[in-house]
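I opened this notebook to record what I looked up in one model. The entries go by topic.

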Amino acid sequence: MSTATAGGPAAPGPPGPPAPATRRSSIVRTRPWLAACFLLPALVLLGALVVYPIVYSVYRSLFDASGTGFVGLGNYVELFTDDDTLTAIRNNTIWVIVAPTVCTALGLVFAVLTERVRWGTAFKLIVFMPMAISMLAAGIIFRLVYEQDPDRGVANAVWVSVHDTFDEASAWPGARPRPDGGLEKTGGGAYTTKSAVDAADPANLPLVGVPPQDLADAAEASPARPAGDGGITGTVWVDFAKGGGGEPNVVDPGEKALAGVVVEAVRDGRVVATATTGEDGVFALPAEADGAHLRLPASNFTEAYNGVDWLGPSLITPAIIASYVWMWAGFAMVLIAAGLAGVPRELLEAARVDGANEWQVFRRVTVPVLAPVLAVVLVTLMINVLKIFDLVYIIAPGATQSDANVLALQLYLSSFGTGADQGVGSAIAVLLLLLVVPVMVFNIRRLRRENRR
């Protein structure tokens, strides 16, 4: 009870008890049927598309190929004794370690670097664009990129171009001496005359084995004349006339010259003179070559460099992983860039003011702040690569498909390939599920920890 002072308002009394809080009843308690109506379609789909296939796969994995004979854990024993499945497990391990790590690292680098350039948005668009391509289309693209023939495969076209820039190609790859042409094979793939040469008698060095298309632009061979200064002359040509005919070991009209062939004069195992044939196939050596043997080095005939066998047994898995990185690095970049946009700029500026360089800011501030985003990207890609199938099935040729095998591909081949055994295929499916579940549990727990912050 309050008292009023003269000419003033009444003094406030002690506060009364708080009003009772209004309780909001859960819709599950008040109208459970309404909640069930909303959840029922999702539960039906979840049961039909997730729960039933999992339960049936576990059940089917306990039976033989026909589905009538119970084998217990026999199919699982076969998984870990079959060479193809062991190769698939090994390759899946490589995929899980390498592909998500590389994609996340590239995404982080792209996101950080493009934040400071004016054309960063355009660059992000270009990097992210492969995500719009299906796995099937990407597999076809990279199957062509990795073609062995440099005229068709982009990767080998670039590789061969770089190689030939530093290592000059041979003049006439595949050429060889005529059997009775006076040349014999010596060490290292070179060819040497059987007898010493004489200045009075020009040396004819006939070769064969050059494809006609390579001679389309070659000039006609000319017989060499003796040098007046005591030197050695001769001709290197293709001793084969179109349509046949002609005399062996003689330069006949119409026969093609081999230009650019290196000829060495060798005496007592030492090169005393060197010459190169001209457009007409004629070469000239100084007088020091008189009485020496002539040698055509192996560098004249080595096969042209044909690039790297990207789809061979040793490189097939790294090559396919590279195509996956090409597709998914943009996905990682976009997610990391979104997280980077939320990083307080005050932290970065404070680090710079304290004297940290850009590398220290990146390593000690940017990466730790982005750790939750990086974990999301890494875990998402790990789950994705555990199920990789399309790229491996399309890119790997039949000869090396077993070397590039992964669990999803082995599941398909075991269930629907030659000698199909759906018991083994179901066991592989269960194994894949067991490998994915720990990653999913880790991701769920991490998300819950983030929500509690």
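What follows are my notes on aromatic pairs, strands and annotated spans.

**Basis.** I am working from a predicted model, in which local features need pLDDT of at least 70, side-chain atom pairs count only at pLDDT 80 or more, and totals for chains, interfaces and linings use all residues. I number residues from 1 along each chain as its sequence is written, and side-chain values use heavy atoms, with hydrogens and water left out.

**Aromatic pairs.** I searched the whole structure and got 19 aromatic pairs. Rings of Phe, Tyr and Trp (its six-membered ring) pair if their centres lie within 6.5 Å; planes under 30 degrees apart count as stacked, over 60 as edge-to-face and the rest as tilted.

I looked up Phe142 and Trp326: the ring centres are 5.1 Å apart and the planes stand at 65°, so this pair is edge-to-face. Phe142 sits in helix H6 (residues 135–145) and Trp326 in helix H8 (residues 316–341), so the pair ties together parts 184 residues apart in sequence. Helices (H or I, at least four residues) and strands (E, at least two) are DSSP runs, numbered from the N terminus.

Are these two residues buried or exposed? Phe142 is buried at 11% relative accessibility, while Trp326 is partly exposed at 35%. Buried means under 20% relative accessible area, exposed over 50%, partly exposed in between (1.4 Å probe, protein chains only).

Next I took Tyr191 and Phe301, whose ring centres are 5.4 Å apart with planes at 65°, so this pair is edge-to-face. Tyr191 is in strand E3 (residues 191–193) and Phe301 in the loop between strand E9 (293–296) and H8, 110 residues apart. Both Tyr191 and Phe301 are buried.

I also noted one aromatic cluster, formed by Tyr52, Tyr56, Tyr59, Phe63 and Phe70.

**Strands.** I count two strands as paired if DSSP finds at least two bridges between them. An open sheet of 4 strands runs in the order E1-E4-E5-E8, with mixed pairing. Its edge strands, E1 (176–177) and E8 (282–285), each pair on one side only. Within the sheet, E4 (residues 203–208) and E5 (residues 232–238) are parallel over 5 bridges, and Asn204 has Thr235 in E5 as its bridge partner.

E6 (residues 262–267) and E7 (residues 270–276) are antiparallel over 6 bridges. Their hairpin has 2 residues between the strands, and Asp268 there takes a positive phi near 55°.

**Annotated spans.** The unreviewed UniProt entry lists "transmembrane region" at several spans, including 94–113 and 125–146; positions are in the numbering used here, feature names are shortened, and annotations may be inferred rather than shown by experiment. Residues 94–113 are 100% helix, with end C-alpha atoms 28 Å apart. Residues 125–146 are 68% helix and 0% strand, with end C-alpha atoms 25 Å apart.
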